[in-house]
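Me: Could you walk me through reading this structure, one feature at a time? I would like the general idea and then the case at hand.

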Amino acid sequence: MEQSQIIERRTCVQRLSVDALIREHSQRLRLWLASRVQRSDLDNASQEVWLRVSKHYEDKFDGGNFRAWLFQIARNYLVDESRRRRLTPVPDETEMVRPDLRAREPYEILIDRERRSRLTSCIEKLGEPRKAIVKARAAGLDYDEFVAEMNLSNQQASQHFFAAKKLLRACLESSVVEAV
Amino acid sequence: MVAILDMPESPAELAGWLDRVLMSENLAVVVDELTVMHQTADELISVEQARDWLGDSFPAVMERGLSALSHSRLRQLLVRPCLLPAIQELALISGGPYWNQLMCVIPVAGVAPIAGRESPRNRSNRWLFAFVPLAVAASVSAFVVIDADRDKGGIKPLPQSDLVITRGTDVPMDRSPPVDNSWGWNRTDLLDDVNSPEEIPNRLADGLSEWFSMAEVADRDLIADLADRDLIADLADHDLIASAADHDLQIFTLRVNEMWAGCEHFSTQPFNGMSANLKQSLRGSIASFQDNLEAVLNKLDGPIPDGEKSSVLEAAKKSVDSSVKDAVEKLRGLK
């Protein structure tokens with residue numbers, strides 16, 4: 001077999017195996033990226049990572065746990081993006097699992113801050129006891145565990161909670177409109 | 001918008017909900033919201049640290065999900081949400097068929113509802129007004145349909161005939177389109193054909209007057225038009241509606257809440273083009289009306305002995321009727 005034919009066949013086999021990996025692991029990668037990049041960057045990030053996988057699969061993958069290797073590639077991509085954008089100090093690669101250290105544009109950081117600030121403000125607006133009830137529920141507490149302390153019945157606490165949910169949603173929607 | 005409000009109330013369902021969150025694209029939102037809610041520090045958690053945190057439970061979690069953790073450990077996750085992305089990574093790398101299956105069944109952009117039970121968010125999405133500025137009207141629902149599933153939790157003390165709601169019973173809840181039965185200040189078309197800002201107070205007065213027309217319809221129809229499906233359904237699910245008086249109290253409180261939310265909305269509107277004086281008077285009237293509603297709601301929210309519920313309700317109705325009447329008069333007098 002000619003050298004060129006060998007190379008061509010190898011390339012073909014490699015492409016087929018990467019295609020199979022994409023089919024098997026694309027959703028897994030997408031979920032991993034979704035909690036680490038902005039939603040608008042998700043498709044692009046996913047494509048970039050697969051390009052890197054395709055490029056390095058034959059030389060760099062040692063045949064071990066492909067998923068772990070895939071996320072390492074993805075993590076490297078995020079670190080490179082962070083460096084490129086020079087927005088935040090780049091953490092050690094093995095520690096980069098937190099959404100706040102994802103590669104982000106300044107406007108994205110502002111949007112996140114605004115969102116957090118809106119949520120905080122709307123929670124404050126709920127007043128007591130609704131605020132305390134929402135926090136207790138968000139901590140996974142059952143009504144029985146906190147109503148007595150608040151001098152409420154289960155039913156009253158439940159009423160407060162559902163009213164709080166509605167008010168919170170209304171407040172957040174209203175804040176969005178104001179911001180627009 | 002607030003993903004964590006969809007968290008199930010039953011501790012038994014919490015683990016499953018978290019598993020679905022971990023296998024959804026909503027994880028970042030949930031982590032963010034929990035961080036804000038509990039004002040927790042932004043920690044960097046590595047996969048190794050998460051594995052240490054799971055400890056001996058790690059293999060079981062990888063095999064059958066977070067239900068392998070005790071409830072107290074699950075709660076720790078909620079108040080220390082920065083652990084979640086690292087646990088997600090562990091599940092994506094080492095998770096068994098359980099996690100793979102979750103990954104397959106969950107729609108790309110959201111968290112799947114609990115099998116056989118619709119999530120509150122999905123329920124509310126169907127009736128949430130599409131008109132964002134009046135999202136306060138989220139509290140105004142269209143139909144209460146007591147279907148086979150709902151009957152399990154039923155509003156037991158009421159006779160069966162009262163459970164059959166005339167409107168909507170022929171349309172199964174899961175297939176019914178959102179129906180806009182909004183009223184008063186929650187109506188999406190309230191200010192649609194206003195020609196000048198000076199007309200707004202009168203239009204608001206018209207909207208507010210609907211409180212009286214709605215109060216005159218029969219109780220059963222009132223439920224059909226105004227009951228909050230989420231609230232009533234959830235209370236019924238938890239057997240928290242103990243009597244007919246309770247039921248009336250819930251609905252009345254809900255309606256007042258809706259008006260309060262309408263005040264909240266209009267008190268923050270810019271009313272572009274309106275004179276400064278009129279704007280100030282209008283906002284003052286709205287604020288005063290809202291304060292009155294708040295006072296009534298505070299009374300209704302307090303502990304009410306069973307035997308006094310009917311009389312408390314009657315007093316609250318009178319108070320609200322009077323406040324609405326005053327507010328309508330004030331609004332009509334604004335120039």
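Me: How many helices and strands does chain B have?

Reply: Helices (H or I, at least four residues) and strands (E, at least two) are DSSP runs, numbered from the N terminus. Chain B has 16 helices and 0 strands. This is a predicted model, where local features need pLDDT of at least 70, side-chain atom pairs count only at pLDDT 80 or more, and totals for chains, interfaces and linings use all residues. Residues are numbered from 1 along each chain as its sequence is written, chains are lettered from A and ligands numbered from 1 in the order in which they are written, and side-chain values use heavy atoms, with hydrogens and water left out.

Me: What share of chain B is buried?

Reply: Buried means under 20% relative accessible area, exposed over 50%, and partly exposed in between (1.4 Å probe, protein chains only). Of the 335 residues in chain B, 54% are buried. D206(B), found in helix α11 (residues 200-215) of chain B, counts as partly exposed because its relative accessibility is 38%.

Me: Which residues touch the most other members of the largest nonpolar core?

Reply: In soluble globular proteins, nonpolar side chains tend to be buried together. A nonpolar core is a set of buried Ala, Val, Leu, Ile, Met, Phe, Trp, Tyr and Cys residues joined through side-chain atoms within 4.5 Å. Here the largest has 123 residues, and L66(B), L77(B) and W185(B) touch the most other members. Beyond its neighbours within four places in sequence, L66(B) has contacts (heavy atoms within 4.5 Å) that include L18(B), L22(B), I87(B) and W99(B).

Me: At what angle do α15(B) and α16(B) pack?

Reply: Axes are lines fitted to C-alpha atoms, for helices over the stretch in contact, and angles run from 0 to 180 degrees between N-to-C directions. Helix α15 (residues 276-301) of chain B and helix α16 (residues 309-333) of chain B pack at about 180°, their axes 10 Å apart. They are therefore roughly antiparallel, a label for angles over 145 degrees. Among the contact residues are F289(B) and L293(B) of α15(B), and V320(B) and V324(B) of α16(B).

Me: Why does the length of α16(B) agree with what a helix should span?

Reply: The expected span of a helix is 1.5 Å times one less than its number of residues. The 25 residues of α16(B) should therefore span 36 Å, and its end C-alpha atoms are 36 Å apart. Buried residues in α16(B) include V320(B), V324(B) and L331(B).

Methods
Parallel < 35°, antiparallel > 145°, perpendicular 65-115°, else oblique.
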